[in-house]
Amino acid sequence: MNSPTSKITRLHLIFLSLLAVAALVAAGCATTGSTARDWKPDPGFESLFNGHDLTGWQYKGGGIFDGKAASSDNRFTVADGIMTAHDRDRTKEPIRQLWTVRTFPTDFILRLEFRAGVYADSGIFVRSTQLQCRDYLTAGPYYKLKLYKPQDWNEIEIVVHGQTAHCTCNGELLEDAMKIAADGGIGLEADRGPTMDYRHIEIKELAPGH
């Protein structure tokens, strides 16, 4: 028969274990919450998305969304540090493109993270040219990526020199020398399928000859 002392000891250990689990859960919640609020651009980069609203973004010819947490038609919304491109019925509403107010005629490095729903279809415009940003393993066109993480966060990096762009996803090649215009903004597309989330959008403009 177990002694009263051993029972108390076991109860004490269980209590301590529960406290430890609660502390880990609380720490995880705190980390998740702080990520959206406290994320900072990498050294030498500047943020193109403040995580709170669509300041600095626009529909061309349709007004600027400074201070607004949603575009005029709610195709793009912002919450908890994430910009979401929403799907709509394309028989009733057109594909939408959200653009930076600024343009970038110099060489630059663009980085962002995206999370695609199953078969989601979006795109990143580099001045004039669209790089397909999708749930690649189901919607293509880059079906053979090994490091792509379905329904999780992935990083796109686009390095622009002159009128060509070198594009990777988690370090894997998407486009080696994508042809682009000499000047223009950065755009994101709301197309078909489930929602597409974007965050941590940052750019580093490069000096000539860098």
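Predicted model: local features only at pLDDT ≥ 70, side-chain atom pairs only at ≥ 80, totals over all residues.
**Loops, strands and a cavity**

Me: Where does proline 141 lie?

Reply: Proline 141 lies in the loop between helix H2 (136–139) and strand E9. Helices (H or I, at least four residues) and strands (E, at least two) are DSSP runs, numbered from the N terminus.

Me: Let's zoom in on glycine 162. Where is it?

Reply: Glycine 162 sits in the loop between E9 (154–161) and strand E10 (164–169). Those two strands form a hairpin with 2 residues between them, and glycine 162 in the turn has a positive phi of about 65 degrees.

Me: What does glycine 162 touch, leaving aside neighbours within four places in sequence?

Reply: Glycine 162 is in contact with Asp107, Arg127 and Ile180. There is also proline 105, 57 residues apart from glycine 162 along the chain, with the two C-alpha atoms separated by 8.6 Å.

Me: How many bridges join E9 to E10?

Reply: There are 6 bridges, and the two strands run antiparallel. Strands pair here if DSSP finds at least two bridges between them. One example is isoleucine 156, whose bridge partner in E10 is cysteine 169.

Me: Which strand does E9 also meet through 7 bridges?

Reply: That is strand E6 (residues 108–116), again antiparallel to E9. In E9, valine 160 is the bridge partner of phenylalanine 108.

Me: You mentioned a cysteine. How many disulfides are there?

Reply: A search of the whole structure finds 0 disulfides, a disulfide being a pair of cysteine sulfur atoms within 2.5 Å. For cysteine 133, the nearest cysteine sulfur is that of cysteine 169, 7.5 Å away.

Me: Are cysteine 133 and cysteine 167 buried or exposed?

Reply: Cysteine 133 counts as buried because its relative accessibility is 0%. Cysteine 167 is also at 0%, so it counts as buried.

Me: New topic: what is the strand order in the open sheet of 5 strands?

Reply: The order is E2-E5-E12-E7-E8, with antiparallel pairing. Strand E2 (57–58) and strand E8 (129–134) stand at the edges, each with a single partner strand, so one side of each has no neighbour in the sheet. Further in, strand E5 (residues 96–100) and strand E12 (residues 186–190) pair over 4 bridges, and tryptophan 99 stands opposite glycine 187 in E12.

Me: Which way do side chains point in a regular strand?

Reply: In general, they alternate between the two faces of the sheet.

Me: How many cavities of 30 Å³ or more are there?

Reply: The structure holds 1, with a volume of about 40 Å³ for the largest cavity. A cavity is a set of points on a 1 Å grid over the protein atoms alone where a 1.4 Å probe fits but cannot get out, and lining residues have an atom within 4 Å of a point. Points are joined across faces, edges and corners, and the volume is the space filled by probe spheres set on them.

Me: Which residues line the largest cavity?

Reply: Among them are His86, Asp121, Arg192 and Met196.

Me: Last one: where does tyrosine 119 lie?

Reply: Tyrosine 119 lies in the loop between E6 and strand E7 (121–126). Its phi is near 65 degrees, a positive value in a residue other than glycine.

Note on methods. Residues numbered from 1 in each chain as written. Heavy atoms only, no water. Contact = heavy atoms within 4.5 Å. Buried < 20%, exposed > 50% of the residue type's maximum accessible area, 1.4 Å probe, protein only. 1 Å grid on protein atoms, 1.4 Å probe; cavity = no way out; pocket = protein on both sides within 12 Å on 5 of 7 lines; lining within 4 Å.
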